[in-house]
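Please work through the following exercises with the sequence and the model open beside you. Each task is followed by a solution that goes step by step.

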Amino acid sequence: MKDFLEDVKKVVDVFKEHLDNQIKIVSHIDTDGITAASIASQAFLREGIKFSLSFVKMLDDAVLEELNLEESKIIFFLDLGSGSIKEIERILKDKIVFILDHHKISEKKTKLNLLNLCKNEDADYREISGAGTVYLFFRCMNNKNIDLAYLAVVGAIGDMQENRGFIGLNKLILQDAVNNGDIVVKQGLYMFGIQTKPLDRVLEYSTDPYIPGVTGNREGTLTFLDEIGIKPEGKKYPKVINLNQEEMKKLVTGIILKRLGSEKEPENVLGPIYILKNEKEDMMKDARDFSTLLNSCGRLSRPSLGMGVCLGDKNARTNAIKLLNDYKFELINSLNWFYKKKKNKELIEGEGYMIINSEDNVKDALIGTLASIVAKSNLYKDGTIIIGLAHTLDGETKISARIAGNGDYNLRDLLIGITRKLGNYVAGGHRVACGASIPQEKEQDFIKIAKESLDRKFY
Ligand SMILES: [Mn+2]
């Protein structure tokens with residue numbers, strides 16, 4: 001940790017030699033990237049440094065060549081870039097490049113200004129996010145940037161680094177946010193929407209924790225509430241934060257009972273809640289809700305809207321909330337489709353793996369989320385590999401891989417291995433969450449090779 005903070009200082013010192021230049025920021029399109037970009041933008045504004053900003057899904061030669069035409073001499077890559085060191089060195093050879101990232105590093109030896117905890121091979125994925133890396137950089141540049149720490153916390157949650165608490169540098173960053181009075185940590189029901197949604201909706205839409213018979217099941221939710229004796233007031237159920245202690249107890253016990261028999265800790269329904277103290281909008285008071293909101297902006301290719309949310313723009317917030325509601329609705333539809341397929345045994349299941357070939361039934365923007373939900377659902381044994389496929393609008397098939405429960409396996413290498421056999425296609429991401437894209441006509445070949453390698457690799 002100390003080494004890394006020294007690294008931060010070194011990279012900041014290099015940057016200070018170039019302060020008077022116009023800067024180009026390139027950031028990743030997900031929650032982590034959106035918060036990273038928001039931190040950088042606000043920090044640059046504070047210094048009076050001019051910048052422009054683009055969001056990208058991934059870096060390839062075409063993107064880099066376009067960047068090379070930009071006037072800015074300095075380019076900041078946020079939450080991406082570490083996997084494309086060679087390409088960046090080759091195509092952007094006349095630029096001054098800073099990479100503030102936490103993804104796997106493709107090339108150890110580089111002259112680029114690379115700030116990445118992964119330089120230390122023992123680093124745990126959960127120790128820091130892209131936004132966290134960006135935050136530490138700007139915090140080192142100017143202490144006043146401590147007021148941006150809370151955004152790095154939201155980013156880390158977006159990258160699923162929060163698991164009943166933070167570890168490593170993320171812990172340090174959370175402490176900054178707490179010390180600065182931006183975040184208060186409380187223990188509570190570990191669910192989405194507890195500040196804002198009526199109880200029945202919270203339960204029905206609860207994917208983490210997953211509640212068997214309740215998640216994604218309207219009727220099951222109402223039966224469950226009836227069983228534990230929580231009644232609607234008129235037609236509406238109360239919000240979770242408005243439940244009294246007695247009701248809260250019934251609710252928690254009820255959920256734990258429902259989760260008994262699953263292989264993972266059924267009592268895992270309580271955890272830390274991160275309250276954003278200065279946030280006026282209900283929807284964004286809980287850092288987890290805030291992160292979900294940004295996530296839907298990214299997934300639906302509206303990262304600038306997410307950025308507007310971070311910067312407090314009223315219009316952006318209204319539009320983002322609408323987007324999130326549509327997104328949740330779409331997600332529940334996809335989940336229902338999945339349940340039906342599972343019930344009818346129409347999924348491709350093998351020893352230690354499961355392949356969801358959704359074709360046009362799940363939007364490509366949602367296939368990764370669906371795979372994540374299934375991976376966390378207790379429906380499959382720990383360590384089961386979940387692969388989802390969905391058609392995109394432009395004739396491609398998007399592939400997402402996740403691992404069930406607390407399993408660990410290098411899915412990234414697996415996916416890269418399979419796609420290489422098919423041709424020269426892009427695959428990337430992290431050990432336990434990654435994706436790829438192939439032409440639709442290669443879909444059956446992909447499934448065949450995936451089955452072969454998975455059948456061979458396990459048991
Ligand atoms: Mn990230």
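Predicted model: local features only at pLDDT ≥ 70, side-chain atom pairs only at ≥ 80, totals over all residues.

**Exercise 1. Which residues coordinate the manganese ion, and how are they spaced in sequence?**

Step 1. The donors to the manganese ion are Asp 32 (OD), Asp 79 (OD), His 102 (NE2) and Asp 159 (OD), at 2.1 to 2.3 Å; donors are N, O and S atoms within 2.8 Å of the metal (3.2 Å for Na, K and Ca), and since water is not among the atoms, sites may look incomplete.
Step 2. Along the sequence, these donor residues of the manganese ion follow the spacing D-x46-D-x22-H-x56-D.
Step 3. Asp 32 lies in helix H2 (residues 31–47) and His 102 in the loop between strand E4 (96–100) and strand E5 (113–115), so this pair ties together parts that are 70 residues apart in sequence.
Step 4. Asp 32 is buried, with a relative accessible area of 0%, and His 102 is buried as well, at 4%.

**Exercise 2. Describe how helix H11 packs against H6 and H13.**

Step 1. The axes of helix H6 (residues 149–158) and helix H11 (residues 287–299) come within 9 Å and cross at roughly 70 degrees; axes are lines fitted to C-alpha atoms, for helices over the stretch in contact, and angles run from 0 to 180 degrees between N-to-C directions.
Step 2. That angle makes H6 roughly perpendicular to H11, a description that covers 65 to 115 degrees, whereas angles under 35 degrees count as roughly parallel, over 145 as roughly antiparallel and the rest as oblique.
Step 3. On the H6 side the contact is made by Val 154, Ile 157 and Gly 158, and on the H11 side by Ala 287, Arg 288, Phe 290, Ser 291 and Leu 294.
Step 4. Of the 10 residues of H6, 9 are buried, so H6 is largely enclosed by the rest of the structure.
Step 5. H11 and H13 pack at an angle of about 80 degrees with their axes 9 Å apart, which makes H11 roughly perpendicular to H13.
Step 6. The residues that meet include Phe 290 and Leu 293 in H11, and Leu 324 and Tyr 327 in H13.

**Exercise 3. Trace the open sheet of 6 strands.**

Step 1. The strand order is E8-E9-E10-E11-E13-E12, with mixed pairing; two strands pair if DSSP finds at least two bridges between them.
Step 2. Strand E8 (348–350) and strand E12 (427–429) are the edge strands, each pairing on one side only, and the twist averages 15 degrees from one strand to the next.
Step 3. Strand E9 (residues 353–357) and strand E10 (residues 385–391) run parallel and are joined by 5 bridges, in which Met 354 has Ile 386 of E10 as its bridge partner.
Step 4. E10 and E11 pair in the antiparallel sense over 7 bridges, and Gly 388 stands opposite Ser 400 in E11.
Step 5. E11 and E13 also pair in the antiparallel sense over 7 bridges, with Ser 400 opposite Gly 435 in E13.
Step 6. E11 is largely enclosed by the rest of the structure, because 6 of its 8 residues are buried.

Notes
Residues numbered from 1 in each chain as written. Heavy atoms only, no water. Helix = DSSP H or I, 4+ residues; strand = E, 2+ residues; numbered from the N terminus. Buried < 20%, exposed > 50% of the residue type's maximum accessible area, 1.4 Å probe, protein only. Contact = heavy atoms within 4.5 Å.
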